[in-house]
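Me: Hello! I am new to this structure and would like to go through it with you, one question at a time.

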Amino acid sequence: MKKIVHIGIAMLLIASCNIKKEEEGELPEVDVDVEAEAGNLPEYEVNWADVDVGTTTRTVEIPKVVVVMEEEEVEVPYLDVNMPNEGEKTERTVMIEAEVTDTSHDLEIEEIWAANNTLYVISRLEATGDNLGDKKMRVSDQVTLNAPDLNVKHLIIGERPDRVFNNQHTYISTEDNVRDHVGDGAKKIYSS
C-alpha cells in the first residue's frame with residue numbers, strides 16, 4: 001500500500017510540473033580505439049507551482065464560557081403565510097442573534113417584508129447601557145412562521161458589534177435604508 005501511495009505522489013508531482021526543453025542533447029561519439037569526444041546532455045528548465053508557506057493571524061471563536069440553556073414557555077409571534085401557487089407550508093422558527101461585548105443590548109424583530117420568494121426580517125439592535133465588563137453576550141429574538149420554503153435574509157438596524165459572529169447578517173444605519181435592501185415591490189407582512 002505504501003508503494004502505491006509513493007508512486008501516486010511521484011506521479012502527481014511529475015504531472016504538475018511544466019517542463020521546457022532549452023537545448024538539444026547529443027550522445028558522445030565512441031571510437032573503437034576507446035577515444036571519445038565529450039558529449040552534451042540536454043538541459044531542461046523545470047517550472048513548478050510557486051508555493052509560499054507561512055502563517056497568518058485570524059480572529060476565531062474559542063469557547064470560554066459554558067452556557068446552560070433552559071426551556072421555558074413564552075409567547076412568540078406566529079405568522080401564517082399563504083403564497084399564491086405555492087405548495088405545502090412548513091412551520092419553522094426564524095431566529096436572529098447578535099453577539100455583543102462591553103454593554104448589554106436588546107435585539108427585537110420589528111418587521112418582516114416579502115418580495116418574490118424572499119422574506120426580509122428587519123430587527124433592531126440597541127444598547128441598554130448595562131456594563132458587561134470583559135464578558136460577551138448573545139442576544140436573540142424569534143418569530144414562528146408557517147409558510148412554504150422561502151429564502152430568509154436578515155437586516156439589522158443598528159451598529160454592527162465588533163465580533164466575527166456578526167458578519168453573517170447585513171447591518172443598516174436606519175429604517176430609512178430598509179427599502180433600499182428589500183426593493184420597491186416588497187410588501188410588509190408583519191410589524192411588532
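Reply: Let us begin with a definition: buried means under 20% relative accessible area, exposed over 50%, and partly exposed in between, with a 1.4 Å probe and protein chains only. This is a predicted model, where local features need pLDDT of at least 70, side-chain atom pairs count only at pLDDT 80 or more, and totals for chains, interfaces and linings use all residues. Residues are numbered from 1 along each chain as its sequence is written, and side-chain values use heavy atoms, with hydrogens and water left out.

Me: In what order do the elements of the protein chain run from the N terminus on?
Reply: Helices (H or I, at least four residues) and strands (E, at least two) are DSSP runs, numbered from the N terminus. The protein chain has two helices and eight strands. Their order is α-β-β-β-β-β-β-β-α-β.

Me: What percentage of the residues in the protein chain is buried?
Reply: The protein chain exposes about 15,000 Å², with 49% of that supplied by carbon and sulfur atoms; such areas come from the Shrake-Rupley method with a 1.4 Å probe, and for residues only the protein chains shown count as cover. Of the 192 residues in the protein chain, the buried share is 24%.

Me: How many salt bridges are found in the whole structure?
Reply: A salt bridge is a side-chain nitrogen of Lys or Arg within 4 Å of a carboxyl oxygen of Asp or Glu. One of them joins Lys136 and Glu99, with the closest N and O atoms 4.0 Å apart. Lys136 is in strand E5 and Glu99 in strand E4, so this pair ties together parts 37 residues apart in sequence. A search of the whole structure gives a total of seven.

Me: Is Glu99 buried or exposed?
Reply: Glu99 also forms a salt bridge with Arg138, where the closest N and O atoms are 2.9 Å apart. This pair links strand E4 to strand E5 across 39 residues. Arg138 counts as partly exposed because its relative accessibility is 40%. Glu99 has a relative accessible area of 3%, so the word for Glu99 is buried.

Me: Which residue forms a salt bridge with Glu175?
Reply: Glu175 is partly exposed, with a relative accessible area of 43%. Glu175 lies in the loop between strand E7 (170–172) and helix H2 (178–182), and its partner is in strand E5, so the pair ties together parts 51 residues apart in sequence. With the closest N and O atoms 2.6 Å apart, the partner is Arg124.

Me: Which residues form a negative surface patch?
Reply: Patches are made of residues with over 30% relative accessible area and no salt bridge; like charges are joined within 9 Å, and nonpolar side chains (Val, Leu, Ile, Met, Phe, Trp, Tyr) within 5 Å. Strand E4 (90–115) and strand E5 (118–147) each give at least two residues to the negative patch. The members are Asp106, Glu108, Glu126 and Asp130.

Me: Leaving aside neighbours within four places in sequence, which residues are in contact with Ala115?
Reply: Contact means heavy atoms within 4.5 Å. Ala115 is found in strand E4 and is buried, with a relative accessible area of 12%. Beyond those neighbours, the contacts of Ala115 are Tyr120, Val182 and Ala186.

Note on methods. Lys and Arg count as positive and Asp and Glu as negative; His and the chain ends are not counted. The place of a charge is taken as NZ of Lys, CZ of Arg, CG of Asp or CD of Glu.
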